[in-house]
Amino acid sequence: MGTRSDSLGLSSVEAARRLEVAPPPLTRHRSSDAVLLARQFRSPILVLLVAAALLSQFLGESTDAAIISAIVVASGLLGFVQERGAERAVDSLLASVRVRCRVWRDGGAIEGPWSSVVSGDVVELRAGDVVSGAGERSEEHTSELQSRGL
């Protein structure tokens with residue numbers, strides 16, 4: 001798939017096709033609660049504590065094993081609650097921020113959300129605009145966005 005476009009920009013049809021093939025790289029994918037909870041127990045210190053609990057149980061120290069197990073469960077649940085809250089806060093912040101840009105499509109400039117910009121788009125920049133990606137400066141003093149992993 002070529003990423004070059006002329007100074008009139010991509011057609012709307014081509015931009016839609018490219019967006020379908022390669023969605024925006026900064027799209028957030030939320031983890032399910034089950035995955036988020038399971039991820040809490042991958043910590044090396046928690047694995048070490050689980051091993052200590054199993055060893056305590058094997059040696060007949062049931063009280064110690066129960067206390068260590070309670071610490072592991074409490075730590076995992078607290079981490080889960082904190083991380084879920086942080087994800088929700090980030091989602092809320094991202095929903096309140098609407099980043100827009102001017103892109104040349106079908107021979108004219110249109111304004112739209114940054115998430116609709118695809119590789120090969122001709123993006124119109126103005127003084128003070130922030131560019132979050134790699135681009136090429138064209139002869140008309142506009143930039144062409146080149147999709148690259150950061």
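Helices (H or I, at least four residues) and strands (E, at least two) are taken as DSSP runs, numbered from the N terminus. The model is predicted, so local features need pLDDT of at least 70 and side-chain atom pairs count only at pLDDT 80 or more, while totals for chains, interfaces and linings use all residues. Residues are numbered from 1 along each chain as its sequence is written, and side-chain values use heavy atoms, with hydrogens and water left out.

A salt bridge is a side-chain nitrogen of Lys or Arg within 4 Å of a carboxyl oxygen of Asp or Glu. The whole structure holds five salt bridges. One of them joins the side chains of Arg17 and Glu14, at 2.8 Å from N to O. Arg17 and Glu14 are three residues apart in helix 1 (residues 12-21), and about one helical turn therefore separates them. Burial classes follow relative accessible area: buried is under 20%, exposed is over 50%, and partly exposed lies in between (1.4 Å probe, protein chains only). Arg17 is partly exposed, at 39% relative accessibility.

A further salt bridge pairs the side chains of Arg39 and Glu83, at 3.8 Å from N to O. Arg39 lies in helix 2 (residues 33-40) and Glu83 in helix 4 (residues 62-96), so the pair ties together parts that are 44 residues apart in sequence. Arg39 is partly exposed, with a relative accessible area of 29%. Glu83 is also partly exposed, at 28%.

Arg105 forms a salt bridge with Asp121, and the closest N and O atoms are 2.6 Å apart. This pair links distant parts of the chain. Arg105 is in strand 1 (residues 100-105), and Asp121 is in the loop between strand 2 (108-113) and strand 3 (122-124), 16 residues apart. Both Arg105 and Asp121 are buried. Salt bridges that share partners also join Glu14, Arg17 and Arg18 into one network.

The relative accessible area of Arg105 is 12%. Its side chain has a polar contact of 2.6 Å with the side chain of Asp121. A polar contact is a pair of N or O atoms within 3.5 Å; within protein, one must be able to donate a hydrogen and the other to accept it, and residues adjacent in sequence count only if both atoms are side-chain atoms. Contact in general means heavy atoms within 4.5 Å. Asp106 has a positive phi of about 55 degrees although it is not a glycine. Most residues other than glycine have a negative phi. Asp106 is exposed, at 52% relative accessibility.

Helix 4 has 35 residues, which should span 51 Å at 1.5 Å a residue. The expected span is 1.5 Å times one less than the number of residues. The end C-alpha atoms of helix 4 are 51 Å apart, in agreement. The buried residues of helix 4 are Ala65, Ile68, Val72, Gly76, Gly79, Phe80 and Glu87. These buried residues pack against helix 2 and helix 3.

Leu55 is placed in helix 3 (residues 44-58). Leu55, Phe58 and Leu59 form a nonpolar surface patch, with about 390 Å² of accessible area together. Patches are made of residues with over 30% relative accessible area and no salt bridge; like charges are joined within 9 Å, and nonpolar side chains (Val, Leu, Ile, Met, Phe, Trp, Tyr) within 5 Å. Accessible areas come from the Shrake-Rupley method with a 1.4 Å probe, and for residues only the protein chains shown count as cover.
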